[in-house]
Amino acid sequence: MSFSELEAITARGWTQGSFLGTDAARDIGLDGDDIDGWLVASHPCDVVSRSLGNEPFVDLVPVRLVDAVDGTYAFGANPRKLHVDIVERAFEADLIGRRTLSRELLGNVTPAGNLDKKSARTFAQWLGSRYSRPFFPDAFNDRRQPSSKRVNTALKRLGSSLSGVYIDVADAELGDDEVYTVTLLFTILPEVLNDPSAWADANKAADQIVDLWNDEKGIIVDKHFVESEDDVPISMLRTYTRLDFDSYTIRGDEAGDQPLSISI
């Protein structure tokens with residue numbers, strides 16, 4: 001492939017988060033059952049690299065149409081699925097069914113659209129979380145497992161006002177006669193402070209989760225906070241680890257709203 005042909009990839013606007021429609025995908029030999037499009041997952045620098053030898057392929061994630069973006073699957077809160085708005089439609093990205101495509105083929109088609117800056121950042125963080133999301137001691141996970149469904153229920157019912165849940169807990173495997181002492185930080189977007197109903201829901205969700213965990217044997221929630229993201233210093237985030245839930249609703253009026261990241 002010539003340099004000018006590689007330049008066509010850049011000229012057409014391909015980058016991480018670019019949307020490849022089904023018709024264009026079929027034109028370059030990419031097809032899939034029940035697939036409504038593809039999002040480019042490769043790093044932006046790799047997508048437009050001038051060396052085809054160093055970067056011969058791009059990774060693609062399949063997407064399927066959904067009725068609307070659901071907060072349960074937005075903002076990277078769920079490590080397996082992500083809802084995004086693109087080309088004025090709502091899609092669900094799923095890491096199952098990822099494909100690898102010869103990068104040179106991108107020079108023959110034009111993306112139907114690109115994720116906006118905030119959504120692209122969320123998409124990149126979501127991709128990375130598949131491999132780098134936090135892990136906790138088995139003993140701690142075992143102790144909080146009995147209440148996990150009720151915690152998720154509380155988050156579904158009341159957690160739409162939360163932008164994140166963070167935890168400070170020992171990373172050691174403790175014995176049966178030892179107790180995990182936990183501090184929880186619940187974050188909200190700044191506008192929640194001006195919405196009495198949303199603020200009340202955030203505090204109710206936090207209180208319910210604290211009560212559920214305190215009922216578990218071997219766990220004590222010593223302290224918990226509900227704080228606006230504007231009031232959470234970076235020094236605090238260095239201490240806490242984000243909790244990811246398979247079913248976890250967080251607040252966001254637009255698909256681009258971005259919860260706190262603790263990748264420091």
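## Contacts, sheets and cores of a predicted model

Apart from neighbours within four places in sequence, R130 is in contact with P79, R80 and L95, where contact means heavy atoms within 4.5 Å. This is a predicted model, in which local features need pLDDT of at least 70 and side-chain atom pairs count only at pLDDT 80 or more, while totals for chains, interfaces and linings use all residues. Residues are numbered from 1 along each chain as its sequence is written, and side-chain values use heavy atoms, with hydrogens and water left out.

R130 belongs to helix α4 (residues 117-132). Helices (H or I, at least four residues) and strands (E, at least two) are DSSP runs numbered from the N terminus. R130 is partly exposed, at a relative accessible area of 33%. Here buried means under 20% relative accessible area, exposed over 50%, and partly exposed in between, with a 1.4 Å probe and protein chains only. R130 and P79 are 51 residues apart along the chain, and their C-alpha atoms are separated by 5.9 Å.

**The chain as a whole**

Eight helices and eleven strands make up the secondary structure of the protein chain. Of its 264 residues, 47% count as buried. Among contacts in the protein chain with a separation of 6 or more, residues 24 or more positions apart account for 77%.

**Strand pairing**

Strands of a sheet pair through backbone hydrogen bonds, either parallel or antiparallel. Two strands are taken to pair if DSSP finds at least two bridges between them.

| Strand pair | Bridges | Sense |
|---|---|---|
| β1 (residues 18-20) and β2 | two bridges | antiparallel |
| β2 and β3 (residues 57-66) | four bridges | antiparallel |
| β8 (residues 164-168) and β9 | five bridges | antiparallel |

In strand β2, L39 is the bridge partner of F19. The bridge partner of G37 is V63, in β3. In a regular strand the side chains alternate between the two faces of the sheet. Strand β2 (residues 37-40) is covered on both faces: G37 and L39 on one side, and W38 and V40 on the other, are all buried.

An open sheet of four strands runs in the order β10-β9-β8-β11, with mixed pairing. Its edge strands, β10 (219-228) and β11 (241-242), each pair on one side only. Within this sheet, D168 stands opposite T183 of β9. Helix α7 (residues 196-214) packs on the sheet and touches β8, β9 and β10; the direction of α7 makes about 170 degrees with that of β10, where axes are lines fitted to C-alpha atoms (for helices over the stretch in contact) and angles run from 0 to 180 degrees between N-to-C directions.

Strand β10 contains K223, a partly exposed residue with a relative accessible area of 45%. Setting aside neighbours within four places in sequence, K223 is in contact with V182, T183 and L184. From C-alpha to C-alpha, K223 and V210 are 9.0 Å apart in space, and they are 13 residues apart in sequence.

**Nonpolar cores**

A nonpolar core is a set of buried Ala, Val, Leu, Ile, Met, Phe, Trp, Tyr and Cys residues joined through side-chain atoms within 4.5 Å. The largest has 30 residues, and those with the most contacts inside it are F140, L162, I167, V182, L184, F186 and W213. At least two residues of this core come from each of α5, α6 (148-158), β8, β9, α7 and β10. Helix α7 provides the largest share, eight residues. A second, separate core of 17 residues includes I9, A24, I35 and V47.

Not counting residues up to four places away in sequence, W213 touches F140, R144, S147, V151, I167, V182, L184, I219, V221 and L243.

**Aromatic pairs**

There are five aromatic pairs in the structure. Rings of Phe, Tyr and Trp (its six-membered ring) pair if their centres lie within 6.5 Å; planes under 30 degrees apart count as stacked, over 60 as edge-to-face and the rest as tilted. The ring centres of F140 and Y180 are 5.3 Å apart and the planes are at 65 degrees, so this pair is edge-to-face. Because F140 lies in helix α5 (residues 138-144) and Y180 in strand β9 (residues 180-188), the pair ties together parts that are 40 residues apart in sequence. F140 and Y180 are both buried. A cluster linked by ring pairs contains F136, F140, Y180 and W213.
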